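Good morning, and thank you for joining this group meeting. Please keep the sequence and the model in view while I go through a few local features.

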Amino acid sequence: MTKTLTKLESLEAQSVYILREAYREFKNLAMLWSIGKDSTVLLWLSRKAFFGHVPFPLVHIDTSFKIPEMIAYRDRLAKEWKLNMIFGQNKAALAEKRTFPDGKLDRIACCKTLKSEALKHTLAGDWPRYRLNHQTGQYDLDANKEPYTGVIVGVRADEEGSRSKERYFSPRDRNNEWDVGDQPPELWNQFKTDFAPGTHVRIHPLLDWTELNIWEYIEQEKIPVTKLYFDQGEGKRYRSLGCFPCTFPVESTAKNVQDIVQELKTGKFANIAERSGRAQDKEGGGGLEVLRVDGYM
Amino acid sequence: MNKQRDQMNVVVVGHVDHGKSTLIGRLLADTGSLPQGKLEAVKANCARNAKPFEYAFLLDALKDEQAQGITIDTARCFFKSQKRDYIIIDAPGHIEFLKNMITGAARAQAALLVIDANEGIRENSKRHGYMMSFLGIKNLTVCVNKMDLVNYRQAIFDQIQREYSAFLKEINLVPQNFIPIAAREGDNVVELSAKMPWYKGASILRALDHFSKAAPKDEQELRFPIQDIYKFTEDGDDRRIFAGRIESGAVNVGDDVIFLPSQKYSRVQSIEAFNKNSESLAFAGQSAGVTLATQIYIKPGEIMVKKDQRQPHVSNKFKANIFWMGKQPFVKDKNYKLKLATQQAPVVLSDILGVLDASELSSIAGKSQVDRHDVAECVLETLKPIAFDDIFTIAETGRFVIVDNYEIVGGGIILAPVFEEETSLKKYIASREFNWERSQITPDTRAKKYEHKSALIVLTGPQGTGKVEIAKALEEDLFKDNRFAYFLGLSNELLLNPGQATDKTLSRLGNIQELGKVAHVLTDAGLILIASVSDIDDYELNMLKTLTLPRQTLVINVGENRFSHSQIDLQLPADQDPHASSQQIINVLIKSILIDPEYFI
Ligand SMILES: Nc1nc2c(ncn2[C@@H]2O[C@H](COP(=O)(O)OP(=O)(O)O)[C@@H](O)[C@H]2O)c(=O)[nH]1
């Protein structure tokens with residue numbers, strides 16, 4: 001009687017293993033939840049790892065330019081699954097309209113301001129964090145200002161060139177910087193879980209997953225995703241979610257998860273990069289690389 | 001629903017410039033796996049900058065990497081054959097990036113090792129071959145590349161095959177095949193080439209499709225390293241779940257199990273999962289969780305095994321082959337941390353049996369340290385027993401990494417346990433006794449003067465059971481009774497030498513060692529020393545007792561008794577009046593500190 005795991009089962013087992021390593025080793029652990037399909041799968045995997053519980057806060061960076069359905073979906077799941085939900089925001093930049101397109105910023109600079117910067121300070125705890133109050137359904141100022149030293153992020157190696165160089169446990173220095181050339185070795189499922197005071201570690205449980213794996217898993221597990229990913233009858237859908245000024249739907253008639261899986265396997269997207277609907281990646285050569293070394297996920 | 005396609009990780013290794021990136025680029029291009037327009041875009045970019053197109057440019061995803069012109073890290077790309085999807089891991093050939101190569105290769109189920117036909121076998125061709133053997137990669141194809149540069153001559157290919165096979169044989173590695181290729185030209189990469197009619201074997205792609213994944217491990221003995229123990233009380237959840245990944249074997253509800261190294265027994269009550277039908281079986285590869293029929297206390301790191309199966313070794317010494325990646329050499333007389341499956345233990349290098357020159361495979365004798373990029377056969381000693389297998393029996397629990405100063409600096413495979421009386425603790429005590437200058441005042445004289453003998457009293461048990469309050473009450477009661485008693489009220493942090501590592505595993509051990517040294521001095525001076533240490537385990541207690549010898553140690557456990565085999569001298573409830581507890585301790589103590597009557601004669 002020989003038993004083996006399916007492809008999705010082994011991906012799941014590895015991600016769960018990494019999540020549990022992270023939970024055991026990091027006192028101040030948080031997970032970034034962008035509301036997109038990848039980090040939602042990651043959230044689901046956490047419930048798998050911890051038997052229905054999510055024992056760490058979920059952090060969302062609200063640029064205020066997110067498509068409104070995304071925020072509604074976030075709060076619905078947060079309430080249903082009793083999540084410890086936190087958001088952070090670059091209030092100053094928004095108040096002064098230092099944004100794209102209304103301000104003078106280009107797309108990359110806008111991303112830097114609203115995402116990278118907000119993220120850096122929300123994680124560090126020196127900007128306000130807002131926590132969902134499950135009694136009132138409102139967000140209150142969070143009293144906890146301790147920096148998160150372990151941050152779980154749903155990046156995948158197949159997304160984009162620079163992400164293929166990541167580790168499961170990837171240290172960042174005091175300034176959030178990523179030294180691509182000098183990364184810790186990982187072998188036999190032993191990761192860098194020891195770190196000097198002042199540094200923190202990004203944890204990447206989804207590194208080995210592809211876009212197709214993600215959708216196959218969503219289908220298998222029946223994970224709820226926002227309907228923005230599906231064609232609502234206009235022949236368009238979002239393949240990747242971001243802020244509305246910079247994210248454009250792709251032409252597709254995929255109306256449900258099965259359609260998407262089919263489309264990715266055989267259809268016209270089989271060989272087209274997923275982030276092709278994200279405008280900031282195209283600006284000035286290595287857009288995402290620049291953002292990334294700077295702390296953008 | 002469509003069947004999910006099979007997936008395999010492949011690493012490409014070899015000496016720098018022998019054509020790894022070119023081979024990968026060619027595999028991507030010739031299987032139609034590149035994003036649309038990507039190849040054309042890179043070619044156009046090369047033409048614009050008037051430089052010759054290289055397949056490596058396709059893979060050089062990062063700017064700073066291109067600037068240096070070498071593959072710094074393991075890049076991952078994907079391609080498909082009829083049979084399955086491949087994740088290809090390009091590993092840097094440059095020695096400086098050995099740890100990156102290892103990271104890539106450790107994730108692979110198969111390896112392509114590239115040798116330049118024109119340049120022949122080079123240092124890293126051998127070193128990488130050795131690493132493949134070390135990492136346990138069984139699927140290996142040797143690609144003899146740039147055949148175009150040697151006019152596709154069979155004699156050259158045969159010569160390299162002969163020479164390299166002989167080398168691999170010495171390290172117990174049998175490659176699946178040798179394939180002559182010209183990666184840049186695409187010869188024998190996806191399709192067989194007419195330029196080498198003398199070659200009758202498979203193309204690279206066919207050879208890959210022929211590889212089988214590692215044999216399922218579920219029929220071996222159970223090895224379930226406990227990663228963590230959960231009790232999430234939210235929503236009335238009262239399960240206490242032992243979670244981890246099953247490294248080999250399978251476990252059923254109802255199985256009798258033992259946890260090693262603590263030797264605690266229990267029975268599996270249920271197998272837990274989320275969003276899944278309840279199962280009665282969990283098997284190798286799964287990240288699982290079980291509940292137990294009895295309440296036992298164990299810490300993460302223990303390995304759960306079946307009572308009726310062959311068990312792993314439990315020992316604190318073993319012989320291993322290690323490779324070193326640390327900038328600082330691996331030296332004796334220094335505490336490192338060992339991580340094996342989910343166990344973490346302090347470890348010291350106790351002997352170097354030989355350092356191997358990986359490129360020449362000759363052993364260098366008499367080295368006193370293991371330098372960066374060395375491969376060495378060593379004896380290692382963990383400062384408490386660990387459970388492990390040898391690499392030949394169960395690989396997953398027969399290999400480990402070594403951590404120094406927060407970094408993984410070495411990896412190793414265990415060859416065999418070593419059973420030897422000599423431990424580093426005994427060595428330390430022998431040298432301490434040798435160097436100790438004794439005065440005329442003997443312990444007996446001192447005991448007579450103070451009218452009692454000395455002893456160490458250790459209060460232990462779970463945290464928050466009021467141990468310190470009891471210790472203070474005890475000191476007070478003894479003092480009032482004219483006993484020469486002292487409560488060592490130092491917190492664990494203060495005991496530790498400043499500047500020592502802040503690593504949890506190492507600092508815990510450091511605390512016990514320091515406490516043992518202090519206890520030895522103060523009990524030698526005639527004191528009844530009282531100390532409180534939460535959750536001391538069997539091995540830590542043993543170390544403390546040994547360091548305090550020849551003076552005796554009394555163990556008082558407050559609250560739940562979590563020892564698996566240590567004898568305790570007194571068990572106290574957690575919520576008792578401190579002076580009542582103190583009185584109970586004194587009743588036990590009196591027997592061991594009273595001076596033998598003959599001294600008074
Ligand atoms: N003549 C010839 N040159 C090749 C072949 N394969 C690779 N090269 C060249 O060898 C050089 C090194 O190749 P590259 O793939 O970058 O090597 P790596 O360092 O192992 O990744 C490049 O200039 C390639 O164009 C081949 O089959 N024939």
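B:Pro261 is found in the loop between strand S11 (256-260) and strand S12 (264-271) of chain B; helices (H or I, at least four residues) and strands (E, at least two) are DSSP runs, numbered from the N terminus. The peptide bond leading from B:Leu260 to B:Pro261 is cis, with omega near 10°. Another cis peptide bond joins B:Leu549 and B:Pro550, with omega about 5°. B:Pro550 belongs to the loop between helix H14 (538-548) and strand S26 (552-558) of chain B.

Before I proceed, a word on conventions. This is a predicted model, in which local features need pLDDT of at least 70 and side-chain atom pairs count only at pLDDT 80 or more, whereas totals for chains, interfaces and linings use all residues. Residues are numbered from 1 along each chain as its sequence is written, chains are lettered from A and ligands numbered from 1 in the order in which they are written, and side-chain values use heavy atoms, with hydrogens and water left out.

I remain with the backbone, now in chain A. Most residues other than glycine have a negative phi, and most peptide bonds are trans. A:Phe51, which is not a glycine, has a positive phi near 55°. A:Phe51 sits in the loop between helix H2 (37-49) and strand S2 (58-61) of chain A. Is A:Phe51 buried or exposed? At 5% relative accessibility, A:Phe51 counts as buried (under 20% relative accessible area; exposed is over 50% and partly exposed in between, with a 1.4 Å probe and protein chains only). A:Lys82 also has a positive phi, of about 50°, and is placed in the loop between helix H3 (68-80) and strand S3 (85-88) of chain A. With a relative accessible area of 47%, A:Lys82 is partly exposed.

I turn to helix H1 (residues 7-25) of chain A, whose 19 residues reach 28 Å from first C-alpha to last, close to the 27 Å expected; the expected span is 1.5 Å times one less than the number of residues. Of these 19 residues, 16 are buried, so H1(A) is largely enclosed by the rest of the structure.

Next, the aromatic rings. Rings of Phe, Tyr and Trp (its six-membered ring) pair if their centres lie within 6.5 Å; planes under 30 degrees apart count as stacked, over 60 as edge-to-face and the rest as tilted. The count comes to 35 aromatic pairs over all chains. One of them, A:Phe26 with A:Phe195, is stacked, at 5.2 Å centre to centre and 25° between the planes. A:Phe26 lies in the loop between H1 and strand S1 (29-32) of chain A, and A:Phe195 in the loop between strand S7 (169-172) and strand S8 (200-203) of chain A, so the pair ties together parts that are 169 residues apart in sequence. A:Phe26 is buried at 4% relative accessibility, while A:Phe195 is partly exposed at 21%. Ring pairs link A:Tyr17, A:Phe26, A:Tyr168, A:Phe169, A:Phe191 and A:Phe195 into a cluster.

Finally, the charged end of B:Arg245 sits over the ring of A:Tyr17, 4.4 Å from its centre; the criterion is NZ of Lys or CZ of Arg within 6 Å of the ring centre and within 35 degrees of the ring normal. A:Arg47 lies over the face of A:Trp81, at 4.1 Å from the ring centre.
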